[in-house]
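Here is a colleague's note for someone opening this entry for the first time. Please keep the sequence and the model side by side while reading.

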Amino acid sequence: MFKQKGGGFLQNTAQDIERIKGKFQACQRIFAALGDETRQYLVCMLLGCECSGSRVVDIAEKTNLSRPAISHHIQILKNAGIVKARREGTLIYYYLDPDDSEIQKIIDLFSDIQQIMKNVPDRSGEESFFI
């Protein structure tokens, strides 16, 4: 048995699987946002930038992407709760959200999946139906 948040235990029950389904649903927006290779690249760029953030024009200078394309992808990352924006006058700086609650949702989901997977029987000796 595995302890889960809130003091319960994951036992590979129907209730545990429903809980996992709910967590998947809560993570759908972030999975969609991070499922695109360009947005993955932008996240990596933002990880390596100054703490104050980057402007779209600065990102465009370092990539082969147009400013409208970058703005589009940044907006999707913002909607997913991964990126935040800060305005200084007419300039907008984008940065990764230090309150990583959206990232924590994914960590919690995969932690629960891993715990349940440890609780299922070993099937490595079974014959595969998908050969």
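The numbered points below go from the whole chain to single residues.

1. **Ground rules.** This is a predicted model, in which local features need pLDDT of at least 70, side-chain atom pairs count only at pLDDT 80 or more, and totals for chains, interfaces and linings use all residues. Residues are numbered from 1 along each chain as its sequence is written, and side-chain values use heavy atoms, with hydrogens and water left out.

2. **Layout.** The protein chain has five helices and four strands. Helices (H or I, at least four residues) and strands (E, at least two) are DSSP runs, numbered from the N terminus. Read from the N terminus, the order is β-β-α-α-α-α-β-β-α.

3. **Burial and surface.** The protein chain has 131 residues, and 29% of them count as buried. Buried means under 20% relative accessible area, exposed means over 50%, and partly exposed lies in between (1.4 Å probe, protein chains only). The accessible surface comes to about 9,000 Å², and carbon and sulfur atoms hold 53% of it. These areas come from the Shrake-Rupley method with a 1.4 Å probe; for residues, only the protein chains shown count as cover.

4. **Contacts along the chain.** Contact means heavy atoms within 4.5 Å. Take the contacts in the protein chain with a separation of 6 or more: 55% of them join residues 24 or more positions apart.

5. **The core.** In soluble globular proteins, nonpolar side chains tend to be buried together. A nonpolar core here is a set of buried Ala, Val, Leu, Ile, Met, Phe, Trp, Tyr and Cys residues joined through side-chain atoms within 4.5 Å. Which residues touch the most other members of the largest nonpolar core? They are I59, I74, L77, I82 and V83, out of 24 residues in that core. Helix 1 (14–34), helix 2, helix 3 (56–62), helix 4 and helix 5 are the elements that give two or more residues to this core.

6. **I59 and S54.** Leaving aside neighbours within four places in sequence, I59 is in contact with L42, M45, L46, S54, I70 and I74. S54 sits in the loop between helix 2 and helix 3. S54 counts as buried because its relative accessibility is 9%. Not counting residues up to four places away in sequence, S54 touches L46, C49, I59, I92, Y93 and Y94.

7. **Helix 2 against helix 4.** Two packed helices are described by the angle between their axes and the distance between the axes. The axes of helix 2 (residues 37–47) and helix 4 (residues 67–79) come within 10 Å and cross at roughly 80°. Axes are lines fitted to C-alpha atoms, for helices over the stretch in contact, and angles run from 0 to 180 degrees between N-to-C directions. Helix 2 and helix 4 are therefore roughly perpendicular to each other.

8. From helix 2, T38, R39, L42, V43 and L46 meet I70, H73, I74, I76 and L77 of helix 4. By class, this contact of helix 2 with helix 4 has seven nonpolar, two polar and one charged residues. Ala, Val, Leu, Ile, Met, Phe, Trp, Tyr, Cys and Pro count as nonpolar, Asp, Glu, Lys and Arg as charged, and the others, Gly among them, as polar.

9. **H73 and R67.** Both residues belong to helix 4. Is H73 buried or exposed? H73 is buried, at 12% relative accessibility. Not counting residues up to four places away in sequence, H73 touches D36, T38, R39 and L42. H73 and T38 are 35 residues apart in sequence and 7.6 Å apart in space, C-alpha to C-alpha. R67 is exposed, with a relative accessible area of 51%. Beyond neighbours within four places in sequence, R67 is in contact with V56, V57 and A60.

10. **D97.** D97 lies in the loop between strand 4 (91–96) and helix 5 (101–119). D97 is buried, with a relative accessible area of 15%. Its contacts, leaving aside neighbours within four places in sequence, are G81, I82, V83 and K84.

11. **Helix 5.** E102 is in helix 5. Apart from neighbours within four places in sequence, E102 is in contact with I30, A80 and G81. F110 also lies in helix 5 and counts as partly exposed, at 43% relative accessibility.

Technical notes
Parallel < 35°, antiparallel > 145°, perpendicular 65-115°, else oblique.
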